[in-house]
Amino acid sequence: MFESIYRLINKYNQKSRVAKHYGTEDLLYSAEVHMIEIIGSEERITTTKLAEILGITKGAVSQITRKLLMKDMILKEASKEKNNEVLISLTEKGRTVFLYHRNMHNEMFNKLNMILDELPEESKKAMKRMIRVIEESFDEM
């Protein structure tokens with residue numbers, strides 16, 4: 001089982017280093033697509049909130065949003081409610097990527113949910129505990 005977890009982590013690490021197309025002509029890296037996913041889910045979001053949700057620094061958010069601005073995936077505009085706040089939203093192109101990526105995830109989640117539905121509640125709880133331990137271990141690294 002642990003070998004499977006390591007293999008999964010390694011595959012994710014390899015895939016996240018390779019840019020690919022998500023419904024547009026632009027090549028996007030995993031970090032860019034996942035940021036688009038959060039922005040699309042929230043409609044309009046601040047850098048601070050993005051950093052919090054993704055578990056990365058505001059500096060990392062700024063670097064990725066700069067790339068997404070250059071690719072015409074997002075818009076940045078000053079908040080009308082708060083002076084020093086900038087709100088980030090998706091362009092039409094960004095929305096295309098968001099929907100493409102959302103569909104990919106939905107297909108995977110549907111397959112996983114079919115399996116999870118067959119498991120007894122105790123097995124689901126044990127899986128959640130295992131995932132929590134792995135996440136905490138990453139936090140300690």
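Student: Let's start inside. Which residues of the largest nonpolar core touch the most other members?

Tutor: The general idea comes first. In soluble globular proteins, nonpolar side chains tend to be buried together. Now look at this model, which is predicted. Its largest nonpolar core has 19 residues, and those touching the most other members are Leu 28, Ile 36, Ile 39, Leu 50 and Leu 68. Two or more residues each come from helix 2 (30-42), helix 3 (47-54), helix 4 (58-70), strand 4 (86-90) and helix 5. Helix 2 gives the largest share of this core, with five residues.

Student: Could we zoom in on Leu 28? What is Leu 28 in contact with, leaving aside its neighbours within four places in sequence?

Tutor: Among its contacts are Val 18, Tyr 22, Ile 36, Leu 68, Met 73 and Val 97.

Student: Tyr 22 has a ring. How many aromatic pairs are there?

Tutor: The count comes to one aromatic pair. To read such a pair, check the distance between ring centres and the angle between ring planes. The rings here belong to Tyr 22 and Tyr 100; their centres are 6.2 Å apart and their planes stand at 90°, so the pair is edge-to-face. Tyr 22 sits in the loop between strand 1 (20-21) and strand 2 (27-28), while Tyr 100 is in helix 5, so the pair ties together parts 78 residues apart in sequence.

Student: Is Tyr 22 buried or exposed?

Tutor: Tyr 22 is buried, because its relative accessibility is 8% and the cut-off for buried is under 20%.

Student: On to charges. How many salt bridges does a search of the whole structure find?

Tutor: It finds eight salt bridges. When you read one, ask how far apart the atoms are and where each partner sits. Take Glu 37 and Arg 102: their closest N and O atoms are 2.7 Å apart. This pair links distant parts of the chain, with Glu 37 in helix 2 and Arg 102 in helix 5, 65 residues apart. Glu 37 counts as buried at 14% relative accessibility, whereas Arg 102 is partly exposed at 29%.

Student: Where do Arg 44 and Glu 77 lie?

Tutor: Arg 44 is in the loop between helix 2 and helix 3, and Glu 77 is in strand 3, so their pair ties together parts 33 residues apart in sequence. The closest N and O atoms of this salt bridge are 2.9 Å apart.

Student: What separates Glu 52 and Lys 49?

Tutor: About one helical turn, because they are three residues apart in helix 3. Glu 52 counts as exposed at 58% relative accessibility, and Lys 49 as partly exposed at 34%. Elsewhere, salt bridges that share partners join Glu 25, Asp 26 and Lys 93 into one network.

Student: Let's look at the backbone. What is phi of Glu 43 near?

Tutor: Start with the general rule. Most residues other than glycine have a negative phi. Glu 43, in the loop between helix 2 and helix 3, has a positive phi near 75°. Asp 72 also has a positive phi, near 60°, and is found in the loop between helix 4 and strand 3 (74-78).

Student: Last one: which residues make the nonpolar surface patch of about 360 Å²?

Tutor: Met 108, Phe 109, Leu 112 and Ile 115 make that patch. Leu 112 lies in helix 5 (residues 92-118) and counts as partly exposed at 40% relative accessibility.

Note on methods:
Residues numbered from 1 in each chain as written. Predicted model: local features only at pLDDT ≥ 70, side-chain atom pairs only at ≥ 80, totals over all residues. Heavy atoms only, no water. Patch = residues over 30% accessible without salt bridge, like charges linked within 9 Å, V, L, I, M, F, W, Y side chains within 5 Å. Areas by Shrake-Rupley, 256 points an atom, 1.4 Å probe, with all protein chains shown as cover. Salt bridge = Lys/Arg side-chain N within 4 Å of Asp/Glu carboxyl O. Helix = DSSP H or I, 4+ residues; strand = E, 2+ residues; numbered from the N terminus. Buried < 20%, exposed > 50% of the residue type's maximum accessible area, 1.4 Å probe, protein only. Core = buried A, V, L, I, M, F, W, Y, C linked by side-chain atoms within 4.5 Å. Contact = heavy atoms within 4.5 Å. Phe/Tyr/Trp six-rings, centres within 6.5 Å; stacked < 30°, edge-to-face > 60°.
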